[in-house]
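Subject: Structure handover

Hello,

Here is the structure for your files. My notes on what turned up follow below it.

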Amino acid sequence: MAANRDAGRVYGLLTEFESPSALVAAVRQVRDAGFRHWDVHTPFPIHGMDEAMGIRGTRLPFLILGGGITGLGLATLMQWWMNAVDYPFAISGKPLFGLPANIPVMFELTVLFSAFAAFFGMWGLNGMPKLYHPLFTSRRFRRATQDRFFIVIEARDPQFDAGRTREFLASLGGSVVEAVGESAED
Amino acid sequence: MKSPVTDPLDNTLDDPTRSPELVLGNNDFTTLTAKVSDIVLERRTPRAWYVAFIATAGLTGILFLMIGYLFVKGVGVWGLNNPVGWGWAIVNFVFWVGIGHAGTLISAILFLLRQKWRTSINRFAEAMTIFAVICAGIFPGIHVGRVWVVYWLFPLPNYQAMWPNFRSPLLWDVFAVGTYATVSLLFWYTGMVPDLATLRDRARGKLQQIIYGFFALGWRGSHRHWHRYEKAYLILAGLATPLVLSVHSVVSFDFATSQLPGWHTTIFPPYFVAGAVFSGFAMVGTLLIPARQWFGLKEFITLHHLENMNKIILATGSMVGFAYATEFFIAWYGGNPNESFAFVNRAFGPYAWAYWIMVSCNVITPQLFWIKRIRTSVPVMWVLYIFVNIGMWFERFVITVTSLSRDFLPSSWAYYKPTLVDILTFAGSFGLFFTLVLLFIRFLPMVAMAEVKTVMPIADAHSGERRSVGDYHGDIPRHARGRDDREGGSR
């Protein structure tokens with residue numbers, strides 16, 4: 001194992017688990033130890049992890065609500081301006097702007113803009129696309145998207161100390177502790 | 001497995017007190033990942049794939065040839081005549097849009113209803129949705145007559161300083177289908193990103209790593225990301241659910257808001273939606289059965305999954321049959337002579353042959369799924385799916401053509417017949433559809449790996465803690481659970 005060869009340029013330390021149940025117990029300990037810059041990497045979302053990590057709710061739903069309101073407003077304004085103001089359509093003596101006939105487009109654009117907000121908002125808040133990340137330099141970490149579960153504590157965490165944090169991670173019961181460099185040097 | 005079954009891959013149960021296993025064959029996360037991603041990354045492309053691809057690509061070529069011919073000559077190359085101004089173009093459009101609905105039903109509605117069996121088939125069904133909507137979108141695009149002003153469909157400034165009429169259901173259609181295609185694509189892609197990351201991390205070729213890596217957006221399974229991802233996925237499902245119901249409702253408005261007997265009925269929106277789901281499930285099954293057979297996915301797409309799909313086909317098929325009966329009843333009970341003529345004409349007029357094909361395929365076929373032997377026999381169900389596909393195409397044909405060909409004025413009645421161009425264009429759209437399906441199964445993960453992992457018993461973080469309730473808890477993906485559940489954790 002490539003131990004502390006990359007001492008000055010360490011991104012963080014990772015430890016690996018084989019099952020979700022072992023992981024959750026360890027995650028609670030990391031949370032209680034008071035680390036701030038750390039994360040859990042799993043191939044699929046695990047029940048109870050929000051609570052175990054102490055993650056608070058995301059503001060994404062409000063972004064999506066904003067998207068929906070924007071779509072609704074835009075659809076209303078567009079139909080009113082195009083059919084009643086800029087080019088009045090007089091058809092069978094019907095009012096130039098009548099809500100019932102405009103509801104389908106209002107609904108569709110509400111959904112469309114909400115979906116855009118959900119999609120772009122979620123990736124934006126997650127800081128993606130981010131095609132390079134220091135964790136990608138670890139071969140072991142490739143299994144984080146397959147069948148292994150990882151806890152990573154970053155070196156920029158104020159409590160991080162190469163020796164003590166390594167000991168702490170080793171005590172959590174994972175199979176291995178590995179240092180991850182900022183960039184691929186080997 | 002506790003059940004005394006002889007076939008290890010038969011997990012169809014009649015015991016309602018426990019749910020069947022959704023992943024068979026002693027798979028764990030490792031083997032599941034390998035079996036699904038190796039289809040794309042490791043396995044040599046089967047020769048049959050190339051043969052099929054050449055055939056479907058050829059058909060696609062015919063589609064574009066026919067479209068080119070149509071553009072050069074005009075819509076006169078189709079069989080349209082004076083009362084029948086809407087022929088196969090609209091029939092095919094409604095047919096293909098309808099097919100798409102099953103994908104959204106599986107991916108969104110079954111997600112909200114916490115049907116965990118959806119995880120094995122949702123990727124495939126959503127892919128089918130997108131390809132079907134692409135095929136559907138072609139027809140209104142090419143049938144406008146003057147294709148060079150096709151942008152008039154959209155509210156874009158043009159040299160006449162005119163805007164489209166927002167009171168027209170045809171314009172609602174543009175927005176409904178456009179939104180549907182976009183949201184389906186976003187939903188499909190969002191669901192696929194974690195699996196694309198899996199492919200990136202397993203790929204051995206540089207090119208594969210770069211391409212999958214690009215589309216994986218840098219996904220690394222961070223739980224802080226999963227947290228927002230699940231929220232976004234849940235909300236997208238919530239948005240897609242009313243959307244999919246609205247799409248075929250709006251499509252049905254194209255007919256229902258007109259004054260034509262046989263079209264002007266309030267039953268159309270729910271009847272169209274049920275028919276769409278019915279036809280879509282048949283198409284998913286048509287494609288899924290060969291795919292699971294050839295690519296060794298029987299452990300993930302199990303007989304239980306197929307049986308569940310057949311039950312949905314039975315339910316929606318019965319709704320469709322009931323709608324046919326209701327239409328006839330209202331035509332008689334409503335006392336409108338034009339309306340009752342339109343329906344008698346459907347069943348006994350010049351298009352009676354089409355009407356009875358429709359009834360035998362759509363009313364009789366699904367009822368066979370009451371019988372468990374039929375519901376769980378793979379070859380039999382595949383044949384029945386084909387009948388449903390045929391029947392549902394004929395339903396759209398019957399609705400569109402019978403009402404138009406004999407409207408109010410007998411002197412203007414005419415019989416509509418498709419031309420060779422009509423037929424080849426429709427066949428070509430199947431070519432495009434199957435080409436896209438073939439590309440999908442060759443280059444993208446067919447089964448949503450990350451999602452299937454969440455429904456495997458070993459995925460339960462509390463396994464052992466509360467085994468008896470655990471069966472229930474482990475069943476539901478974490479994101480689909482209620483708030484109280486999350487707060488009930490051991491803090």
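**The interface and some backbone details**

Chain A and chain B bury about 6,500 Å² between them, and 66% of that area is on carbon and sulfur atoms. Please keep in mind that this is a predicted model. In terms of contacts, 72 residues of chain A meet 68 residues of chain B.

Between the two chains there are 28 residue pairs in polar contact, both residues at pLDDT 80 or more. On the chain A side, at least two residues each come from helix 1 (20–32), strand 2 (38–41), helix 2 (49–53), helix 3 (60–86) and helix 4 (99–125). Helix 4 of chain A gives the most, with 17 residues. Sorted by class, the side of chain A that touches chain B has 43 nonpolar, 15 polar and 14 charged residues.

The count of salt bridges between chain A and chain B is 1. Asp39(A) and Arg224(B) form it through their side chains, at 3.9 Å from N to O.

- Met128(A) and Pro129(A) are joined by a cis peptide bond, with omega about 0°. Pro129(A) sits in the loop between helix 4 and strand 3 (149–154) of chain A.
- Arg114(B), not a glycine, has a positive phi of about 60°. It lies in the loop between helix 3 (88–112) and helix 4 (118–142) of chain B, and is partly exposed at 37% relative accessible area.
- Leu217(B), also not a glycine, has a positive phi of about 65°. Its place is the loop between helix 6 (206–215) and helix 7 (223–256) of chain B. Leu217(B) is buried, with a relative accessible area of 11%.

Regards

Methods
Residues numbered from 1 in each chain as written. Chains lettered and ligands numbered in written order. Predicted model: local features only at pLDDT ≥ 70, side-chain atom pairs only at ≥ 80, totals over all residues. Heavy atoms only, no water. Contact = heavy atoms within 4.5 Å. Buried area = accessible area lost by both parts, 1.4 Å probe. Salt bridge = Lys/Arg side-chain N within 4 Å of Asp/Glu carboxyl O. Polar contact = N/O pair within 3.5 Å; in protein donor to acceptor, adjacent residues only side chain to side chain. Helix = DSSP H or I, 4+ residues; strand = E, 2+ residues; numbered from the N terminus. Nonpolar A, V, L, I, M, F, W, Y, C, P; charged D, E, K, R; others polar. Buried < 20%, exposed > 50% of the residue type's maximum accessible area, 1.4 Å probe, protein only.
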